[in-house]
Amino acid sequence: GLDVSATLNMWNRLQPVVELGFGWVNERKEELHYTYKTKFAPYIKIGANYNFFFKKEPKYQLIAGLRLGATTFKYDITDISVSSPYWQQTANAEMRGLSSSAIYGEILAGIKVHLWRQWSMGWQLRWHTVLACKKSENAKPWYIPGMGDRERHWQMNISIYYTLPLSRDKWPAIDPKPASIKNK
């Protein structure tokens, strides 16, 4: 997948976060005898981070966070083969155009370090779980955009950050007296 996030650093302690992205997969599961394909699907996550280094410079952070994610997507399960050792036959099937929606939650811990100018890098370890998922009559989705494999609860993310230079510390000082009063 691919995502973009926006974080508002409030007092270097609490950081509301919005993540937008797209997820897709096309994978053959040999051991389960099928191919699973999710089309390009959008997702959104909202949540917050807490910076444990809030008394230090904002360029370096140790965070813990929560996310609530949501997505709607379509998927196909093809090349399904079911073998019967008794009859010594194999049946083939496919399910196309299945659709689903899911809501999932994440708990994360991570670090962020300054690299150069406004650029930083971060690592996050995320634990996620499905909170609600619509399944079709015959199948439930294996892959959920923004979350990944629904059976794997752990994920490692590496991120590159760009910080917009909006800090008030760098704004010019404002003179409270207008120029017309100074000249008199």
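Lys45 and Glu106 form a salt bridge, with their closest N and O atoms 3.0 Å apart; a salt bridge here is a side-chain nitrogen of Lys or Arg within 4 Å of a carboxyl oxygen of Asp or Glu. This pair links distant parts of the chain, since Lys45 lies in strand β3 and Glu106 in strand β5 (residues 89–116), 61 residues apart. Strands are DSSP runs of E of at least two residues, numbered from the N terminus. Both Lys45 and Glu106 are buried (buried means under 20% relative accessible area, exposed over 50%, partly exposed in between, with a 1.4 Å probe and protein chains only). Lys45 and Glu106 also belong to a network of salt bridges with Glu19, Arg67 and Arg126.

The model is predicted, with local features requiring pLDDT of at least 70 and side-chain atom pairs pLDDT 80 or more, while totals for chains, interfaces and linings use all residues. Residues are numbered from 1 along each chain as its sequence is written, and side-chain values use heavy atoms, leaving out hydrogens and water.

The whole structure contains 10 salt bridges, including those tabulated here.

| Salt bridge | N to O distance |
|---|---|
| Asp76 – Lys39 | 2.8 Å |
| Lys45 – Glu106 | 3.0 Å |
| Glu57 – Lys59 | 3.7 Å |

Asp76 is buried at 7% relative accessible area, whereas Lys39 is partly exposed at 38%. In the Glu57 pair, Glu57 is partly exposed at 45%, and Lys59 is partly exposed at 36%.

How values were computed: Helices (H or I, at least four residues) and strands (E, at least two) are DSSP runs, numbered from the N terminus.
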